Amino acid sequence: MAFYDNVFTSVGLSDWCKSESEGNLLTMSDFMSKSGQNEVSKIEGTSFWDIPFPSLDALNASCPAIARTRDMTSGLEDFFLATKDAIKFVLDPMTQPLSWALDASLEIFVAMPWFVLIPALAVFAFYVARSIAIVGLVLATFMFFAFIDHYLHAVQTLSIITVCTVICVVIGLPLGVLMSKSNVFKKTMIPILDMLQTLPAFVYLVPLIFLFSVTESKLYGIAIILYAIVPIMRLTDLGIRLVDKDVIEAADAYGMNSRQKLINVQLPLAMPNIMAGLNQTIMMALSLVVIASLVSAPGLGVLVLRGIRNLELGVGLVAGFCIVMLAILLDRVSKAALSRINTTQN
Amino acid sequence: MLKTTKISIRSLYKIFGNNPDVMMEHVLNGLGKQDLLKQHAHVMGLQNINVDIQSGEITVIMGLSGSGKSTLIRHLNRLIEPTSGEVFVNGENVLDYGVNELRQLRRNTMSMVFQKFALLPHKTVLENTGMSALVRGEDIEETSTKNLKWLERVGLSGYDNHYPHQLSGGMQQRVGIARALASDSEIMLMDEAYSALDPLIRTDMQDLLLELQKELHKTIVFITHDLDEALKLADHLVILKDGYVVQQGDPQGILLNPKDPYIEEFVADINRARVLRVRSVMSPKDGRLLKITGQVQASDNLEKVIALSGGNTNCCYEVVDNDETVGTLHMKELVRALVP
Ligand SMILES: Nc1ncnc2c1ncn2[C@@H]1O[C@H](COP(=O)(O)OP(=O)(O)O)[C@@H](O)[C@H]1O
Ligand SMILES: [Mg+2]
């Protein structure tokens with residue numbers, strides 16, 4: 001006899017309860033009580049202090065027709081597995097280009113000899129930051145990576161960040177603009193963005209592992225993009241909403257249409273905020289690419305993981321140090337680009 | 001020169017709030033601004049405005065802060081939609097315009113100068129001047145010679161590659177004026193264009209506007225809260241208070257015959273000798289035989305005549321306008337006109 005038996009009998013549901021009693025999965029407590037080590041089912045004399053919460057499991061004990069929590073989770077799993085093929089059918093071709101982009105970029109970055117890639121990075125850094133100090137930092141960092149034989153891993157990490165950041169901008173910028181134009185769209189996006197931002201990074205990987213095979217690079221690509229796209233969207237929206245009303249009025253007074261206004265006024269004036277968003281997007285992509293080494297993302301994260309798995313303390317620490325250096329580098333380059341924009345305005 | 005009406009504002013009302021159309025009925029039934037605010041929490045922006053703006057003239061709209069000047073000028077290019085009324089520009093009611101016609105009006109017929117300059121901070125002075133050309137999709141190279149000429153005209157030659165933040169306030173507003181002129185529009189709207197500038201620079205800018213106007217004969221609607229500025233610039237003066245027109249007409253006429261205590265108060269602190277012109281205080285030619293001491297122009301201000309007379313109140317002058325005698329001015333009349 002279980003605690004809630006009387007409840008079901010009193011409302012006349014005991015027949016319904018008994019009608020489907022057999023064939024459920026065993027829960028741990030069932031198992032324990034069957035092997036005779038448990039006294040849960042001895043209800044007579046349950047004291048006031050032991051009244052169980054009417055949870056699924058407790059109710060099931062009195063009325064087998066009610067599902068147990070274990071049944072619920074396995075039901076969800078079954079549902080997921082049943083719909084998996086349908087979801088995959090849609091999602092797979094849509095995200096396939098992401099795999100190609102990630103793989104191609106990795107190949108190109110790795111195939112380039114160090115004496116080509118390092119100067120190329122330096123030139124790029126100069127182009128965006130216009131600062132000799134930044135160029136020096138880029139050169140020093142990558143030569144250091146090369147010197148301690150971490151160059152390949154660092155370049156792989158950089159490649160993944162580059163691809164994911166570009167995609168974040170390509171998708172996130174228009175969505176951010178849309179959010180600034182439509183309050184309804186903004187209201188629907190905000191909870192989604194909040195969720196994406198607050199979910200622990202590991203949680204991204206769970207449903208993705210179900211959907212895609214771990215050997216596919218889009219698995220980590222999608223996780224990184226979902227995580228890193230949030231700041232660029234938020235700050236694009238914010239930046240456009242904060243554009244000086246007087247300047248917008250001038251644009252209207254001179255007869256600009258909304259496209260002209262967006263290109264000539266709103267986006268340029270929102271650029272400091274958009275660049276701040278880009279900076280955060282890059283940093284978040286870096287943080288997730290390290291975790292994504294759990295699902296076979298190549299790069300410095302793999303070395304950290306090796307350090308943890310094999311208890312190779314030195315390997316892990318050095319790789320961690322390299323990640324910090326890469327983070328500083330990416331932060332400085334994008335911040336320098338941001339401050340360059342700030343000085344040409346105001 | 002024959003005057004033609006360029007812009008005509010008819011029974012214009014603007015009520016700010018959630019339910020302007022319902023409030024409109026109350027207002028037509030005689031509800032005042034204060035009661036509207038207290039009883040219905042709606043703000044009366046403008047009430048029953050009727051103004052004709054002549055082509056080729058500077059029409060100045062003056063009033064204290066909050067009197068509805070900005071609201072009024074924004075109705076001319078429909079940056080603000082009225083609650084009721086009509087606005088005719090070149091005979092067409094702009095309130096009937098669709099999106100495209102309105103855009104054409106703003107691109108081709110009207111330009112605007114703003115109190116806070118409202119330049120594009122990321123574009124150079126020359127690019128800012130070419131904003132109209134950009135909006136209309138004209139060839140930038142072709143228009144840049146023309147735009148450089150306008151920059152020179154407002155006294156900014158050599159600054160074309162500077163950015164707005166590198167210029168002083170006065171210079172930024174010169175860019176604002178060049179931008180308006182470069183659009184070749186017939187009508188220029190200037191919303192407190194000089195209010196943010198230092199007094200000396202302001203005088204310079206007023207002179208610049210008068211000088212440009214002598215040549216260009218634009219239809220200018222100029223907004224200010226400063227009576228001195230209004231009197232210096234206005235061909236036609238409209239005085240606003242709490243969203244309605246208290247008095248409008250020839251500025252000299254308003255100065256000599258204020259219709260309202262509100263305006264009398266305004267007028268009291270004015271240096272009348274500098275503002276009043278000979279033509280406003282002279283007696284018309286009537287054949288009286290007077291002893292004429294000299295000749296003055298009808299457009300001279302009284303200060304100049306006082307200086308000419310050396311303080312002698314017995315002088316009497318012949319007033320000429322375009323080489324034609326139009327009247328006489330006795331110093332006694334002049335002195336009487338100096339006190340309100
Ligand atoms: N969008 C608005 N909503 C509510 N009230 C407004 C709005 N715009 C202006 N007003 C009110 O209308 C009146 C006139 O404002 P404005 O035209 O800006 O005055 P001015 O330019 O003469 O200083 C003020 O009382 C102001 O508070
Ligand atoms: Mg104003």
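Is A:Phe145 buried or exposed, and what is its relative accessible area? A:Phe145 is buried, with a relative accessible area of 0%. Please keep in mind that this is a predicted model.

**Where chain B meets chain A**

- On the chain B side, 27 residues are in contact with 20 residues of chain A.
- About 1900 Å² of area is buried between chain B and chain A, and carbon and sulfur atoms give 61% of that.
- Two salt bridges are counted between chain B and chain A.
- A salt bridge joins B:Lys116 to A:Asp246, with the closest N and O atoms 3.9 Å apart.
- Seven residue pairs are in polar contact between chain B and chain A.
- Among the elements of chain B that give two or more residues to the side touching chain A are helix 4 (99-109) and helix 8 (169-181).
- Helix 6 of chain B gives the most to this side, with four residues.
- The residues on this side of chain B divide into 13 nonpolar, seven polar and seven charged.

**Aromatic rings**

- Over all chains, the count is six aromatic pairs.
- A:Phe144 and A:Phe145 make a tilted pair, 6.4 Å centre to centre with 50° between the planes.
- A:Phe144 is partly exposed, at a relative accessible area of 29%.
- Ring pairs link A:Phe144 and A:Phe145 with A:Phe142 and A:Phe321 into a cluster.
- In chain B, the ring planes of B:Tyr262 and B:Phe266 lie at 90°, so this pair is edge-to-face, with centres 5.4 Å apart.
- Both B:Tyr262 and B:Phe266 lie in helix 12 (residues 261-268) of chain B, four residues apart, or about one turn of the helix.
- B:Tyr262 and B:Phe266 are both buried.

Technical notes: Residues numbered from 1 in each chain as written. Chains lettered and ligands numbered in written order. Predicted model: local features only at pLDDT ≥ 70, side-chain atom pairs only at ≥ 80, totals over all residues. Heavy atoms only, no water. Contact = heavy atoms within 4.5 Å. Buried area = accessible area lost by both parts, 1.4 Å probe. Salt bridge = Lys/Arg side-chain N within 4 Å of Asp/Glu carboxyl O. Polar contact = N/O pair within 3.5 Å; in protein donor to acceptor, adjacent residues only side chain to side chain. Nonpolar A, V, L, I, M, F, W, Y, C, P; charged D, E, K, R; others polar. Phe/Tyr/Trp six-rings, centres within 6.5 Å; stacked < 30°, edge-to-face > 60°. Buried < 20%, exposed > 50% of the residue type's maximum accessible area, 1.4 Å probe, protein only.
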